[in-house]
Amino acid sequence: MSGEPSCPFGGPAPEHSAEQAHRDFSRSLSYGDYLHLDELRSAHQPITDAHDEHLFIAIHHVSEVWLSLIVRELQAAMRLLDAGITDAPLKMLTRVVRAQEQLTAAWDVLKTMTPADYLQFRGAFGQASGFQSQNYRMVEFLLGNRNSTLLRPHEHRADLHRPLAAALHAPSVYDLTLRLLAARGLPVPAEVLQRDYAQPYQTNEAVLASWLSVYCDTETYWDLYELAEKLVDVEDNFRRWRFNHLTTVERTIGFKRGSGGTSGVGYLRGALDVVLFPELWDVRTQL
Ligand code: HEM
């Protein structure tokens, strides 16, 4: 008897080597072709020799990719809400919530950059700032944080300005949700439904009362209740991103002005007070 353990199932061992993998891509689409990795790599262009500039650029790139996914998912969810559909958008909003978690997780990597590391390349990018991120502004406009002055940095690029301006004047995800509330017979005043969308949303007592009805009778309004809680998840995560940004900024540049021209930490601290879906927070006090 040999000392080799015998396989009870017999047969040849499965092939785990790379031998059978496709290797000739001279006439077929490869991984890199499909994902346009040459273009992706070519977008990564540090201006200095500073080691940490690579990290700084990479974190901004991944954040922009997540933000554009969030824009796409929000827009798709909003089209369905506009058509009166409540279940399918939940899946898209769940994806938004997960993507926001990835965005927020990026701060943990960026935090490894010290102020001294940052100062080695800070001078190179001049007035460029996340403040000018069209994707981020689009997310804010879709969620309802409306401010027409924030269109200004995009005026020199019609292709970026046009969709942002359109989003500023269209109903937000919350406006569409309130329409659904009204469609279910819950009182939502006309001045809320026909408001000037370019202005920030104002808290309304009748809307609060309608949400109270939903939260007190979840059996009847389960779909609206689920949608409301999903919106709270989105706003909760948005607040976390803002807070982590603020803390990262403070530990990196202290109270210096931002590269985008604002007061820096003071400006970002003000943004922490923005409330996107006010009645969904207020209803908790009423319950
Ligand atoms: C150490 C790294 C960072 C510093 C020091 C920093 C600093 C700042 C400052 C001071 C502002 C205020 C506007 C200004 O005057 O520039 C700002 C805004 C902004 N930053 Fe950053 N930032 C950093 C990383 C990031 C990253 C990784 C992102 C990801 C996309 C980002 C996105 C934004 C956005 C979207 C705004 C606009 C926020 C608003 O208007 O409410 N920042 N940043």
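Start by selecting Arg 122: this residue is partly exposed, because 18 other C-beta atoms lie within 10 Å, and buried would take 20 or more. Keep in mind as you click around that this is a predicted model.

**Stop 1: helix H5**

Arg 122 sits in helix H5. Stay on that helix, which covers residues 115-122, and pick Tyr 118. Why these two? The unreviewed UniProt entry puts a "binding site" feature at Tyr 118 and Arg 122. Tyr 118 is partly exposed too, because 17 other C-beta atoms fall within 10 Å.

**Stop 2: His 245**

Next, select His 245, where the unreviewed UniProt entry again places a "binding site" feature. His 245 lies in helix H11. Is His 245 buried or exposed? It counts as buried, because it has 20 other C-beta atoms within 10 Å, and 20 or more is what the label takes.

**Stop 3: around the ligand**

Bring up the ligand and the 24 residues around it; the ones that come nearest are Ser 129, Gly 130, Gly 258, Gly 260 and Thr 262. Color by helix and you'll see H3, H11 and helix H12 (265-271) each supplying at least two residues of this shell. Which helix gives the most? That's H11, with five residues. Switch to coloring by residue type: the shell splits into 10 nonpolar and 14 polar residues, with no charged ones.

**Stop 4: helix H4**

Select residues 87-110 for helix H4, which has 24 residues. From first C-alpha to last, H4 reaches 36 Å, close to the 34 Å expected at 1.5 Å a residue. Now highlight the buried positions in H4: Pro 89, Met 92, Leu 93, Val 96, Gln 100, Leu 103 and Thr 104. As you look at their spacing, remember that an α-helix has 3.6 residues a turn, so residues three or four places apart point the same way.

**Stop 5: the nonpolar core**

The largest nonpolar core has 41 residues. Start with the ones that have the most contacts inside it: Leu 74, Val 139, Leu 142, Val 173 and Leu 231. Elements giving two or more residues to this core include H3, H4, helix H6 (134-143), helix H7 (158-168) and helix H13 (278-286). H3 provides the largest share, eight residues.

Zoom in on Val 173. Skipping residues up to four places away in sequence, Val 173 touches Leu 74, Ala 77, Met 78, Leu 81, Leu 142, Leu 143, Gly 144 and Leu 231.

**Stop 6: Tyr 174**

Finish at Tyr 174, in helix H8 (residues 173-183). Tyr 174 counts as buried, because it has 22 C-beta neighbours inside 10 Å. Draw a C-alpha to C-alpha distance from Tyr 174 to Gly 144: they are 30 residues apart in sequence and 6.9 Å apart in space. Which residues is Tyr 174 in contact with, neighbours within four places in sequence aside? Select Gly 144, Tyr 201, Leu 231, Leu 276 and Phe 277 to see them.

Terms used: Residues are numbered from 1 along each chain as its sequence is written. This is a predicted model: local features need pLDDT of at least 70, side-chain atom pairs count only at pLDDT 80 or more; totals for chains, interfaces and linings use all residues. UniProt positions are given in the numbering used here, feature names are shortened, and annotations may be inferred rather than shown by experiment. Helices (H or I, at least four residues) and strands (E, at least two) are DSSP runs, numbered from the N terminus. A residue is buried if 20 or more other C-beta atoms lie within 10 Å of its own, exposed if 12 or fewer, and partly exposed in between; C-beta atoms are placed from the backbone. The expected span of a helix is 1.5 Å times one less than its number of residues. A residue is near a molecule or strand if its C-beta atom, placed from the backbone, lies within 6 Å of it. Ala, Val, Leu, Ile, Met, Phe, Trp, Tyr, Cys and Pro count as nonpolar, Asp, Glu, Lys and Arg as charged, and the others, Gly among them, as polar. Two residues are in contact if their C-beta atoms, placed from the backbone, lie within 7 Å. A nonpolar core is a set of buried Ala, Val, Leu, Ile, Met, Phe, Trp, Tyr and Cys residues joined through C-beta atoms within 7 Å.
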